[in-house]
Amino acid sequence: MSEAPSSVTPGAPHEYPEKIDAAVLKIAGVVVLGAIMSILDITVVNVALPTFQKDLQVADYSTVAWTVTAYTLALATVIPLTGWAADRFGTKRLYMMAILLFTLGSVLCAAADSIGMLIAFRVVQGLGGGMLMPLGMTIMTRAAGPQRMGRLMAILGVPMLLGPILGPIIGGYLIEHASWHWIFLINLPLGLIALVYAWFILPKDNPTPSESFDFIGMLLMSPGLALFLYGVSSIPEAGSVASAKVLIPGLIGLALVIAFVFYSFKPRHPLLDLRLFRNFNLSISVITMFLFAAAFFGGLLLVPTYFQQVRGESALQSGLLVAPQGLGAMLTMPLAGALADKFPVGRIVPVGLAIIVAGMFGLTRIQADTSYGYLIAVLFVMGLGMGATMMPLMTAALRTLNGHEIARGSTLLNITQQIASSVGVAVISVVLTNQYKASPAVTAGQAAQLAQEQGKPVPTDIQQYIASFGKTAQEAMTNFTNLVHKDMAHAFAVSFMVAFSLCALTFLVSLFLPKKHEESHLLDDEGVPPVMVH
């Protein structure tokens, strides 16, 4: 958020009761429902990527990964817009519009019959979903006041903790017992309930337009990032970095991002206040957050796909196998939040990152027959590290800021997280796709599978290649299938090695985080805590 709620008047603070009353709990219910919709949707899609690739007949995994990249880019685009729009149109009206946009995007996603349509409609969904969490935090702050926000954050933390656990399981169940369309259609009844609930429960507010919005910054940053990531993601299909399909959008996008950086120092209220990087502790926190989000979320995306493509598990089974990671985060996130109030972040975050590095290294060792006990243990360890890293890093970064800087710093951190997730997903999916293409067995297997799905005969050269693996057809197919799974597992191991290297770099950067306890300034000029988006 960029401003404090318009209903708060300096010099005349509102009196809030000590206990959380029923009226506040009703409003918290609206926010929790919106949070469940947006957070579940992020995690539920991860398990569906192999199904998208198969059902929509997409050759490259990096293309399918754009269903995640486009969504997170849309989130990053809309976060800085939310504060300005809330002041101009009113929080209640904008929150209901965000629910409607998210629900409409979900229905459109369910109706998509090509990967291009699905990616486009995911953008629509992301534009709505990106507003739900910042607006929800503002609504709760107005209803409860800053002194009761800690207790209400525990309520809002429920969907944040349960999303990584239930999302893949729900997604897997719907894909297995219905179709992938239902992972989006399920948002229709939820969205309608949330709309009616918000209409009756949320109090009316009076819009009070304040500072101007940086439209030029938006027009430079958003297309710039999208074009740059599109260029990166086109590398596997183009076959070379020197291809026009890679270079033209990539260089134009990079030029727009560079132009945005130079421009952002001119306006009084820039889209992203890069002047904040003068604060060393914030700079280290932002760099740490970027590397962490790129490595962790990019690597996390591959886990359900490994279970489905290499181990032959169903979408539901892969969702259940990923759940231990969410359980690990559930254990350490509350503990890390409490420790962050007592100890400096420089003594907490490196420990969490060291745990993640250990877990990610474990994933670099995976093979086609790695035991499930080992994989579950590794994912649980990574979850422990993630829960110990995210919240302290976000909170402590803002402690070094004062007054109006806090809201701008919060926006900067939130956008950094979303952009880094997009970059991580794009880069690591490109690595996986290139590793697939480097294996003749995997390439032949994918071509044979695509031909069968399209009802066409398997090309003669591929039939001859498969036949060369044994004296009988059965022996040849068995040996060929084993090699395909072995090479695919190696491709995942290499991709996880990239994520591991980024995690190790993140750990080294985190050693520069402050080792002394910072005095908290987590209230802005009007007594309102900043908005966190996770």
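Okay, a definition to start: we call a crossing left-handed if the near helix is turned anticlockwise from the far one by less than a right angle, and right-handed if it is turned clockwise. By that convention, helix 1 passes helix 9 in a left-handed crossing.

Quick housekeeping before I go on. What you see is a predicted model, where local features need pLDDT of at least 70 and side-chain atom pairs count only at pLDDT 80 or more, while totals for chains, interfaces and linings use all residues. Residues are numbered from 1 along each chain as its sequence is written, and side-chain values use heavy atoms, with hydrogens and water left out.

So, helix packing. When I say helix, I mean a DSSP run of H or I with at least four residues, and strands would be E runs of at least two, numbered from the N terminus. Axes are lines fitted to C-alpha atoms, for helices over the stretch in contact, and the angles run from 0 to 180 degrees between N-to-C directions. Helix 1 covers residues 22–46 and helix 9 covers 187–201; they pack at an angle of about 155°, axes 10 Å apart. Helix 1 and helix 9 are therefore roughly antiparallel, on a scale where under 35 degrees is roughly parallel, over 145 roughly antiparallel, 65 to 115 roughly perpendicular, and the rest oblique.

Helix 1 has another partner to show you. Its axis and that of helix 4, residues 66–89, come within 10 Å and cross at roughly 160°. That makes helix 1 roughly antiparallel to helix 4, and the crossing is left-handed.

For burial, buried means under 20% relative accessible area, exposed means over 50%, and partly exposed is in between, with a 1.4 Å probe and protein chains only. Back in helix 9 we find Leu195, which counts as buried because its relative accessibility is 18%. Leu195 and Ala98 sit 97 residues apart in sequence, and 9.7 Å apart in space, C-alpha to C-alpha.

Leu353 is in helix 16, residues 349–363, and at 1% relative accessibility Leu353 counts as buried. Between Leu353 and Leu505 there are 10.0 Å, C-alpha to C-alpha, and the two are 152 residues apart in sequence. Then Val378, in helix 17, residues 372–399: buried too, at 9% relative accessible area. Val378 and Gln325 are 53 residues apart in sequence, with 8.4 Å from C-alpha to C-alpha.

On to charges. How many salt bridges do we get? The count comes to two, taking a salt bridge as a side-chain nitrogen of Lys or Arg within 4 Å of a carboxyl oxygen of Asp or Glu. One is Lys437 with Asp60, where the closest N and O atoms are 3.6 Å apart. That pair links distant parts of the chain: Lys437 belongs to helix 18 (residues 405–437), Asp60 to the loop between helix 2 (49–55) and helix 3 (61–64), and they are 377 residues apart. Lys437 is partly exposed at 40% relative accessibility, whereas Asp60 is buried at 9%.

The other bridge is Asp273 with Arg275, closest N and O atoms 3.4 Å apart. Here Asp273 is buried, with a relative accessible area of 6%, and Arg275 is partly exposed, at 23%.

While we're at that loop between helix 2 and helix 3, it also holds Gln57. Its phi is near 55°, a positive value in a residue other than glycine. Worth a second look, because most residues other than glycine have a negative phi. Gln57 counts as partly exposed, at 40% relative accessibility.

Last stop, the surface. Phe228, Val241, Leu247, Leu251, Leu254, Ile258 and Phe262 form a nonpolar patch with about 640 Å² of accessible area together. Patches are built from residues with over 30% relative accessible area and no salt bridge, joining like charges within 9 Å and nonpolar side chains (Val, Leu, Ile, Met, Phe, Trp, Tyr) within 5 Å. The areas come from the Shrake-Rupley method with a 1.4 Å probe, and for residues only the protein chains shown count as cover. Which helix gives the most to the patch? Helix 12, residues 244–263, with five residues. Ile258 lies in helix 12, and at 42% relative accessibility Ile258 counts as partly exposed.
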